[in-house]
Amino acid sequence: MKSELNWGSAPIAWGQRSSWFDPVTDWLSAETNSDEIRSLRRQGGLELCWGELEWRDVYENVCDVEFETSAQELAQALCDTSLRVFHGCRVEDASVFLEQGIRLNDPSELEARARRLACLAPHQESLLQNLEQFVKEEDSFNRDIGALHLALDDRELIGDCSHYALYGSEWILSALGWSAHSLLRSFGIPPIIEVEIPIRDVSPAMRKALSDQILQEWVHFSINQPDWVPVVDFGICLRKPIPPSQITGHYHPKSLVDVFHEKVVRTTAKSACPSCA
């Protein structure tokens, strides 16, 4: 019989494998064929990329339960713990998040901010034209209204999803257009905000996707035992603001990969903000 899942007091943190691997291993112990796992290890593991869905078939070969059944059960058990996630942005001072938390996207506020930024550019007329056209399109104007976006893996926010830290709001980036890139990079400093959220605040579909990710990596590591944790592109959308009490820290990346400009690596001019002092 499967034991009760005991997460302990620390949040699940994807980059800290022990925070989720050890509790899941204990939870699955009664259904795991440890001899088969050891045999596969002795053979040098399996030649499967960590992200291949075939790992789910492997899971069913080494566990006496279907992958989907375990994933559904794990998704429910996740409600009993919290999750460390990250938010990429561009601000003058990261202390604003300690004071206000992370607010939901409000198109009216974003439009006003975009207008203020555009007026600081030498080519403000063309930027304002872009903005006017954007706000006329209802689908564009209302994109991501009442939502906020987080990442499970902060390494994505300085790699393939670094545009949040380089350019700030995706809404403003889209509204002002390509010619605003240098302007947007010239303001503020890029913090990666660390957040701890109750997983019960995440939608059921997202909890299920997270449980799939955890179980697949559990069997991959159990057999192949790499000395690295894979970088995952796993975004989380919330429909409620994050209070200041859930902000647990921040850091400023020294460099960021600009995927909009042939993946040039941009060095961060400032390595600290006033709240770092």
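C276 is partly exposed, its relative accessible area being 38%, where buried means under 20% relative accessible area, exposed over 50% and partly exposed in between, with a 1.4 Å probe and protein chains only. The model is predicted, so local features need pLDDT of at least 70 and side-chain atom pairs count only at pLDDT 80 or more, while totals for chains, interfaces and linings use all residues. Residues are numbered from 1 along each chain as its sequence is written, and side-chain values use heavy atoms, with hydrogens and water left out.

**Cysteines**

With a disulfide defined as a pair of cysteine sulfur atoms within 2.5 Å, the count comes to 0 disulfides. C276 is in no disulfide, the nearest cysteine sulfur being that of C273 at 3.8 Å. For C161 the closest cysteine sulfur belongs to C89, and a bond is ruled out because the separation of 14 Å is too far.

**Helices and strands**

Helices (H or I, at least four residues) and strands (E, at least two) are DSSP runs, numbered from the N terminus. The expected span of a helix is 1.5 Å times one less than its number of residues, and the table sets this beside the span from first to last C-alpha for two helices.

| Helix | Residues | Length | Span | Expected span |
|---|---|---|---|---|
| Helix 6 | 107-118 | 12 residues | 16 Å | 16 Å |
| Helix 12 | 204-224 | 21 residues | 30 Å | 30 Å |

In helix 6 the buried residues are P107, L110, A114, L117 and A118. Viewed down the axis of helix 6, these buried residues fall within an arc of 95°, and therefore line one face of the helix; the arc is that of the directions from the helix axis to the C-beta atoms. Helix 12 is mostly covered, with 16 of its 21 residues buried, and is followed by Q225, whose phi is positive, near 50°.

Strand 4 (residues 235-238) has a covered face, made of I236 and L238, and an uncovered one, made of G235 and C237. Strand 4 pairs with strand 2 (residues 148-151) in the antiparallel sense over 4 bridges, pairing being assigned if DSSP finds at least two bridges between two strands. Within this pairing, A151 stands opposite G235 of strand 4.

**Aromatic contacts**

Rings of Phe, Tyr and Trp (its six-membered ring) pair if their centres lie within 6.5 Å, and planes under 30 degrees apart count as stacked, over 60 as edge-to-face and the rest as tilted. A search of the whole structure finds 10 aromatic pairs. One of these is the edge-to-face pair of Y59 and W218, with 6.0 Å centre to centre and 70° between the planes. Because Y59 lies in helix 3 (residues 54-62) and W218 in helix 12, this pair ties together parts that are 159 residues apart in sequence. Y59 counts as buried at 0% relative accessibility, and W218 likewise counts as buried at 2%.

Y167 and F260 form a tilted pair, 5.9 Å centre to centre with 40° between the planes. Y167 lies in helix 9 (residues 163-167) and F260 in the loop between strand 6 (255-258) and strand 7 (264-267), so the pair ties together parts that are 93 residues apart in sequence. Y167 counts as buried at 3% relative accessibility, whereas F260 is partly exposed, with a relative accessible area of 30%.

Ring pairs also link W14, W20, F21, Y59, F67, W218 and F221 into a cluster. The charged end of R17 sits over the ring of F221, 3.8 Å from its centre; this description requires NZ of Lys or CZ of Arg to be within 6 Å of the ring centre and within 35 degrees of the ring normal.
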